[in-house]
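Hello,

Please have a look at it first, and then read on below.

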Amino acid sequence: MSTLKRKAELTAAANDPKKPKKDSSLTSFFGPPKIVHSSPNKGNSSTPPEAQGAAPKFDKDKWAAGLTEEQRNLLKLEIDTLDPTWLSHLKEDILKPGFLDLKRFLAREVSAGKTIFPPMEEVYSWSRHTPLNTVKVVILGQDPYHNHNQAHGLCFSVRPPTPAPPSLQNMFKELKDNYPSFSPPPKRGGLLTPWAEQGILMLNTCLTVQAHEANSHANKGWEPFTQKVIDTVVKVRSRGVVFLAWGAPAQKRCAKITGGKHLVLKCAHPSGLSAHKGFFGCGHFKKTNNWLEERYGKEGTINWDLNVQQPIKAPDTNTQPVKATANQKNVRINRPKNELPKVSKGRSTAEKDEFDDEEDEDAIEALEELARSDAIEPPAKSATNEDDTEITKGDAEEAVKGE
């Protein structure tokens, strides 16, 4: 090799940034370290958006185009109304045979003329009010309310002018104890959308119910799906979430949440027959804010006041209304949305207060225990819903009213 050629190679090697220079450090070989900026409210910027719940790169139209015609028909509601931040994480689960069977079951129920609550376009309203990337608190319910103008897709919440049911009234009492300045909704209402808009996911175990038949859609396929929703929150919202698990069913849903990343607060259900067993005095609302302040700062806490209501968010879609809703019978579609159907003697459901004799599963257990101890005949039949359970006739009914 000529001397000139050798010098040229050495000069080129010296100028090659990919090759270490003599006496250079390991750091100089790899280049200067990258500076990672972080935000106190948004977490480490090196964390991909989907790791905090933001919608990953997800082309819904492309995904939907890859479905079979039957899948697209069965999953029209999910495609049209499930918020993309959730759909991007749940798209594989709604393609599972069990979920598709659930959708076939619902289609058969509607075709048979059965009314289903909440209205179909509001089944996934929890996802639109509380996108995955905003979740800081999860409140778990069981079954949607099963009468007109009540359920609208958020557990415990009722649309106005329906009055707050007993469990929700007890929640307001505990809130008043935690925060003396707390203001409930106006006109005895129970609309909780202001909480949802602040990052409180209010999720039922079952998302639908047949009218006037509490717990009628249990074990039809909703439970694995809603458990996946909870598991997704646990996995994705890595900065930390507070789970409010009131009553044994809700606590069962949170059984696998361990470690120091999230906070699970457990106590009795706020129903009339169990609130005194540990819900009153639990301090969960204040404990929630104390924990959130440590994780998210003062601006990340919840304003629990409900005296300023916000409208119920509708699906952000230009598609035609879901067919199932249009086919529902026994509903006066020509009356204003918030008008309550009339009952006997001209009294509205709001005046009647349909929740008077309803309690949750914990209440039924307590009632049966009372019946055994006092030789009262236990109720032969009962029906549960998310917050309250309908108590049957006779002495047991009177015992409930006495509570």
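This is a predicted model: local features need pLDDT of at least 70, side-chain atom pairs count only at pLDDT 80 or more; totals for chains, interfaces and linings use all residues.

**What I found**

Let me start with aspartate 93, which counts as buried because its relative accessible area is 13%. Here buried means under 20% relative accessible area, exposed means over 50%, and partly exposed is in between, using a 1.4 Å probe and protein chains only. Aspartate 93 sits in the loop between α6 (84–90) and α7 (97–111). Helices (H or I, at least four residues) and strands (E, at least two) are DSSP runs, numbered from the N terminus. Not counting residues up to four places away in sequence, aspartate 93 touches Phe99 and Lys228, where contact means heavy atoms within 4.5 Å.

Residues are numbered from 1 along each chain as its sequence is written, and side-chain values use heavy atoms, with hydrogens and water left out.

**The chain as a whole**

The chain has 17 helices and 10 strands. Of its 403 residues, 48% are buried. Among contacts between residues at least 6 apart in sequence, 73% join residues at least 24 apart.

Valine 138 lies in strand β4 and counts as buried, at 1% relative accessibility. Leaving aside neighbours within four places in sequence, valine 138 is in contact with Leu201, Val233, Val241, Val242, Phe243 and Leu244. The C-alpha atoms of valine 138 and alanine 245 are separated by 8.5 Å, although these residues are 107 residues apart along the chain.

The expected span of a helix is 1.5 Å times one less than its number of residues.

Helix α13 (residues 284–296) passes the same check: its 13 residues should span 18 Å at 1.5 Å a residue, and its end C-alpha atoms are 17 Å apart, which agrees. Its buried residues are His284, Phe285, Thr288, Asn289, Trp291, Leu292 and Tyr296. They cover an arc of only 170 degrees around the axis, so they are on the same side of α13; the arc is that of the directions from the helix axis to the C-beta atoms. These buried residues pack against β4, α9 (166–178), α10 (193–196), β7 (242–246) and β8 (263–267). Just after α13, glycine 297 takes a positive phi of about 90 degrees.

**Backbone details in the loops**

- A cis peptide bond joins phenylalanine 117 and proline 118, with omega about -5 degrees; proline 118 lies in the loop between β3 (116–117) and α8 (125–129).
- Another peptide bond, from proline 160 to proline 161, is cis with omega near 5 degrees, and proline 161 is in the loop between β4 and α9.
- Arginine 188 is not a glycine, yet has a positive phi of about 60 degrees. This arginine 188 is in the loop between α9 and α10 and is exposed, with a relative accessible area of 55%.
- Asparagine 219, in the loop between β6 (209–210) and α11, has a positive phi near 60 degrees. Asparagine 219 is exposed, with a relative accessible area of 69%.

**Cavities**

A search of the whole structure finds 2 cavities of 30 Å³ or more. On a 1 Å grid over the protein atoms alone, a cavity is a set of points where a 1.4 Å probe fits but cannot get out, and lining residues have an atom within 4 Å of a point. Grid points are joined across faces, edges and corners, and a volume is the space filled by probe spheres set on the points.

The largest cavity holds about 80 Å³ of space. It is lined by 14 residues, and the closest to its centre are Pro144, Ala151, Gly153, Leu154 and Asn204.

The second largest cavity has a volume of about 50 Å³. Helix α12 gives the most to its lining, with 3 residues.

Best wishes

Methods
On a 1 Å grid over the protein atoms alone, a cavity is a set of points where a 1.4 Å probe fits but cannot get out, and a pocket is an open set with protein on both sides within 12 Å along at least five of seven lines; lining residues have an atom within 4 Å of a point.
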